[in-house]
Each structure stands twice: as structure tokens, then as C-alpha cells.
Amino acid sequence: MLSNLLTVTGQVGALFLMMGVGFALAKLGKLTEQARGQLSYLLLYIVCPCVMVDCFQVERTPDLVREVALGAALATACYVVYLLIALFFFRRESPDVRDCLRFGTVYGNIGFMGIPLVQSILGADAVIYGALSLAAFNLTLWTLGVLVMGGKQAFSVKKAAVNPGVLGLAVSLLLFLGNVRLPAVLGSAVSFLSDLNTPLAMVVIGGQLACADLAATFRQARLYLACFLKLILVPVLTLLALLPLRLSPGLYCALVLLSATPVAGITSLFAQQFGRNPTPAVQFITLSTLLSILTLPLFAVAAKMISGF
């Protein structure tokens, strides 16, 4: 167990070192807000769809099709359950704070941090599980997520159906179910772009942390409650709820690990888009990301030991 813990901690530590590069560059004024926005756009609209396409460039087999369908259904169900849990909390807070904390409790940093973690800890073959979870993330983000942050008046069927995540998923599934492999040149380009996900995402997150008011963040009790829900309660419930289903070790470990990721960066973007005060979202993202240094290795090791991965 100690060996596994040290190994996982080292892998998580490597990711945080890359975040440190972004943190330092932002503090030195070399990674500006405009640059972070441009890199985030590149990640969201180009790199993440390429990650999904690249992950599904595998040979289609009946067993894999069933596992992908099962994993996507379970990941989607998890988001619904997480939202139901979040609705019990923060009722006395102002609407801006309440909705930001509830949204952040539901949505973890799957694309920018979850998939790199799955690849680093579970191996390249397990990335497909991260991709299907990212698909569930995007499908629910533009439905449940919009309802939480923007209300019924903000919901749009067009936005729910046409966004980078859903379009990337559609292309990925068409290629996967049709058992179509991309031409060598195109496949290599997609693969190289998907490789940008880990280092580029960590640098962007580090840059975001550098601009947060850490002193104010550490003084708010409600943020610690929110972090307990996101980093401990949610992954514990996921670990226990999935155990009786006897999933494959890779799928089980990936779903547990992804549930333990810190708050998604899109929480602050959604807050701003729907006219909310983004400060609580930024503070939640910051504190959860810092505390996940302690919690992520524990859940990674627990999931691997329980599943026998």
C-alpha cells in the first residue's frame, strides 16, 4: 500500500509541478489573463475534442462497446446523484454563492485534470474511460449545469446539442462504432494535439491559481464544507456505490478517480456567463485544487486496491 501511495503521490506531484510553471509565469507577468483565455480556448475547442477522438481510435469489440455504454450511463447517473446531494446544502447563502458552490460540487476538472490523472496513474489504455466520463460531463453540463447556474430561462436546446464536447463525442462515436481508423497523417496530428492536454492544462490552472486571493479563500468556512463535499463525500459515495456492480478494474478506478478531481475551471466561466459573481467560484476552484494534493492520492490508491487493478 505504501509503495502504491508513493507512486501515485509522485504522479500527482508531477502534475502539480507543471501547475507550478504556470503559477510562476503568471506571477512574473509572462502568462497574462489574455494568454490564459487563448490557451483555454485552444484546450476547450481543439485539444479536448482531439483527446476524445484519439481515445476512441481503438478496435471495436462487443465487450468494449458494452463497457463504453455502461460507463457513460454510470457517469451520467453519477452527475444526477451529485446534483441531488448538492441541493441539500448552501440554502442560506446568497444565490450567487449558493449556485456556484452547488455547481462546483457536481462538476470536477475532468478534461484538464481528470484525464491526465487517469492516463498517468492507470495507463494509456484507461484513457477511454476518461473520455466517456468527459462525454457525460459535457452532456449534463449544458443541461443540468445550465439549469443550476442560469435557471430555466437560460436553458437552450441548441447549446445543449451544439458544443465542443458533444460534437467531439459525436465524431468519436461515429468513428468507433463504424470501426473507422483515421488516415495515418491525420491520426498522428490528432494524437499530437491530444498530447497537449496534460501539460497545457496544468500550466493554465497554475496561472489561474496565481491570480486568486489565497488569504481570503482560506478564511471562509463555507468553502471548506464545499471542498469536503467535492473531495471526500462525493468520491466516497462513488467508490461505495459502484463496488457492488463488479465493474472492470479500469472502469471502476477511473470513475472513482474522476469523481475525486477538484472543481472544474468552467465553474467561474459559467458564473460570469450567466451574470453571477464569479469570486466564490474562483475561490472554490483554488481551495479544492490545493487540497486535492492530499485527497487524490488516497482515493487513487483506495480504488486500485479495492478493484485489484
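## Basis of the description

Helices are DSSP runs of H or I with at least four residues, numbered from the N terminus. On this basis, S133 is found in helix 6. The model is predicted, and the values reported here are computed from it.

## S133 and its surroundings

With a relative accessible area of 4%, S133 is buried, because burial means a value under 20%. Leaving aside residues up to four places away in sequence, S133 touches A75, Y79, I110 and L258.

## Packing of helix 5 against helix 6

Two packed helices are described by the angle between their axes and the distance between the axes. For helix 5 (residues 110–122) and helix 6, the angle is about 160° and the axes are 8 Å apart. Angles over 145 degrees count as roughly antiparallel, and helix 5 and helix 6 are therefore roughly antiparallel to each other. Their crossing is right-handed.

The structure holds 8 aromatic pairs. In one of them, the ring centres of Y79 and Y82 are 6.1 Å apart and the planes stand at 80°, so the pair is edge-to-face. Y79 and Y82 lie 3 residues apart in helix 3 (residues 62–86) and are therefore separated by about one helical turn. Both residues are buried.

Y79 also forms an edge-to-face pair with F137, at 6.2 Å centre to centre and 75° between the planes. Because Y79 lies in helix 3 and F137 in helix 6 (residues 127–150), this pair ties together parts that are 58 residues apart in sequence. Y79 is buried at a relative accessible area of 4%, and F137 counts as buried at 7%.

How many of the 11 residues of helix 13 are buried? The number is 10, so helix 13 is largely enclosed by the rest of the structure. The buried residues are G250, L251, Y252, C253, A254, L255, V256, L257, L258 and S259. Their cover includes helix 3, helix 5, helix 6, helix 12 (221–242) and helix 15.

## Packing of helix 13 against helix 15

The axes of helix 13 (residues 249–259) and helix 15 (residues 279–307) come within 9 Å and cross at roughly 160°. Helix 13 and helix 15 are therefore roughly antiparallel to each other, and their crossing is right-handed.

From helix 13, P249, Y252, C253, V256 and L257 meet L296, F299, A300, A303, K304, I306 and S307 of helix 15. The residues of this contact divide into 10 nonpolar, 1 polar and 1 charged.

How values were computed. Residues numbered from 1 in each chain as written. Predicted model: local features only at pLDDT ≥ 70, side-chain atom pairs only at ≥ 80, totals over all residues. Heavy atoms only, no water. Axes fitted to C-alpha atoms, helices over the stretch in contact; angles between N-to-C directions. Helix = DSSP H or I, 4+ residues; strand = E, 2+ residues; numbered from the N terminus. Parallel < 35°, antiparallel > 145°, perpendicular 65-115°, else oblique. Left-handed = near helix turned anticlockwise from the far one by under 90°. Contact = heavy atoms within 4.5 Å. Nonpolar A, V, L, I, M, F, W, Y, C, P; charged D, E, K, R; others polar. Phe/Tyr/Trp six-rings, centres within 6.5 Å; stacked < 30°, edge-to-face > 60°. Buried < 20%, exposed > 50% of the residue type's maximum accessible area, 1.4 Å probe, protein only.
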